[in-house]
Amino acid sequence: MASDATDWLVGGKFLATTYNGTNLGLITAIVAVATLGGFLFGFDSGVINGTVDGLRIAFNSDDVGTGFNVASMLLGCAVGAFVAGRLADTLGRKNTLMVAAVFFIVSAYGSGVAGSSSEFVIYRIIGGLAVGAASVLAPAYISEVTPAAMRGRLASIQQVMIIVGLTAAFLSNYLLAETAGTSTASFWLGFEAWRWMFWIELVPATIFLIALFFIPESPRFLVAKGRGEAARGVLDRLFGTGVGERKVGEITQSISNDHAPRLSDLVNKANGKIRTIVWVGIGLAVFQQLVGINVVFYYGAVLWQAVGFSESDALKINVLSGAISIGSVLAAIALIDRIGRKPLLLIGSIGMTVTLAIMSFAFMSGSLVGGTLELSDGAGLAALIAANVYVAFFNFSWGPVMWVMLGEMFPNQIRGSGLAVSGFAQWTANFGITMTFPIMLATIGLTGAYGFYAISAAVSIVFVWLMVRETRGMELEDMQG
């Protein structure tokens, strides 16, 4: 019988938890460790929200400077996603995640001790590199060590952990600010509370780094590096004794052995054009952002205050959105390996198109009073309900499914390169949407902004219908590109 997670981690002698020969104990341990990267992804993205006032005062920055302090991490995310995909083909999935863990630690410490805006931006970009790497590698790594029948459910846990990380950051920020009095007040050891908001991240980041030492490398990477014996050992532990040799043969057959993976593999040698599967990956990555989801998470309070809600009510709505997000992802996890990836994407696209259109029409009915958009009770209620249903549709579909598909849809030979390009596109689109929303708000207003997101969601229906192929139940060695 294959050794279980405890046997792997500390050398204990316990019975394995198996299902059809699959070592669920070890797989569960691997998923738990890998998705800590998702938790840190969410935490690092959310922690900045409670520190804006502290940054403005500490660095004496204007609105533009403060805005760049907030958004600078996204630039690092784009580079991190691009570099990590390629680095994973050289160092391995596990080792690249370890590099990301070190970067999380450096960023958390440095962001708290930064004495100037430029120094702070450097540390936030380092954190962005880690977030970008974790965003693409954690689901890919999980996909490479889990059975096809449950791969979607397990890879979707990444999205749950991202939301949990965001929520943990919000809660941590709140408790620190409440205890100190304000985020800018002096706290432990004479440092301001906002600095401690960053330092709290040192705890999960250190746990992530230590835990990574105790999980195996991806067997598909090991085969690609000519380490068949090591790969066979990992596969036997994962799927049962005797399975390793057969799967090593399948993996070896699926990998082109004439050269190491490289970016040029993304080009179809027969016609000199970029492979269609690469465009599909880029499309999935970009559409996930064009529907405007991060406007809700980054600018939620600004949005609801812009239509007349109080600051307190706006923050409560954000908490409600977070709870709905977690529930929706759990529903997606229950269904993704039953009905497939493509149906979930189509359901999400249709639902987001309708709800975003309702929000746009609701905002259109309002009138500006003293620079604030005021809505009738009916329009305000419609916008509120539509916004939360929109969040539910996103997290039921594009939120988790996009990351699952990027981690599994590429053939073995181009998985690292495909992830690099798609991840770069995703974070670049994230940065663009995040930076343009305030501009859109000041020019075409909420009606125009949400109209644009609704149109993008409608176009995504056509994209999924025509371009996306179902991957449910397929072995990674059978992926075509």
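Reader: Are Phe287 and Phe463 buried or exposed in this model?

Author: Happy to start there! A residue is buried when its relative accessible area is under 20%. In this predicted model, both Phe287 and Phe463 are buried.

Reader: How are the rings of Phe287 and Phe463 placed relative to each other?

Author: Look at the angle between the ring planes: under 30 degrees is stacked, over 60 is edge-to-face, and the rest is tilted. Here the planes lie at 40° and the centres are 5.3 Å apart, so this pair is tilted. Phe287 sits in helix α14 and Phe463 in helix α21, so-called distant parts of the chain, 176 residues apart.

Reader: What kind of pair do Phe452 and Tyr453 form?

Author: Try the angle again: with 65° between the planes and 5.8 Å centre to centre, Phe452 and Tyr453 are edge-to-face. Tyr453 is buried, at 0% relative accessible area, whereas Phe452 counts as partly exposed at 36%. Ring pairs also join these two with Phe363 and Tyr450 in a cluster.

Reader: Now for helices: how do α6 and α10 pack?

Author: Angles over 145 degrees count as roughly antiparallel. Helix α6 (residues 93–113) meets helix α10 (residues 202–212) at about 160°, with axes 9 Å apart, which means that α6 is roughly antiparallel to α10. The crossing of α6 past α10 is left-handed.

Reader: Which residues make the contact?

Author: Among them are Leu97, Met98 and Phe104 of α6, and Ala205, Phe208 and Leu209 of α10. The contact residues of the two helices comprise 13 nonpolar, one polar and one charged.

Technical notes:
Residues are numbered from 1 along each chain as its sequence is written. This is a predicted model: local features need pLDDT of at least 70, side-chain atom pairs count only at pLDDT 80 or more; totals for chains, interfaces and linings use all residues. Side-chain values use heavy atoms; hydrogens and water are left out. Axes are lines fitted to C-alpha atoms, for helices over the stretch in contact, and angles run from 0 to 180 degrees between N-to-C directions. Helices (H or I, at least four residues) and strands (E, at least two) are DSSP runs, numbered from the N terminus. Angles under 35 degrees count as roughly parallel, over 145 as roughly antiparallel, 65 to 115 as roughly perpendicular and the rest as oblique. A crossing is left-handed if the near helix is turned anticlockwise from the far one by less than a right angle, and right-handed if clockwise. Contact means heavy atoms within 4.5 Å. Ala, Val, Leu, Ile, Met, Phe, Trp, Tyr, Cys and Pro count as nonpolar, Asp, Glu, Lys and Arg as charged, and the others, Gly among them, as polar. Rings of Phe, Tyr and Trp (its six-membered ring) pair if their centres lie within 6.5 Å; planes under 30 degrees apart count as stacked, over 60 as edge-to-face and the rest as tilted. Buried means under 20% relative accessible area, exposed over 50%, partly exposed in between (1.4 Å probe, protein chains only).
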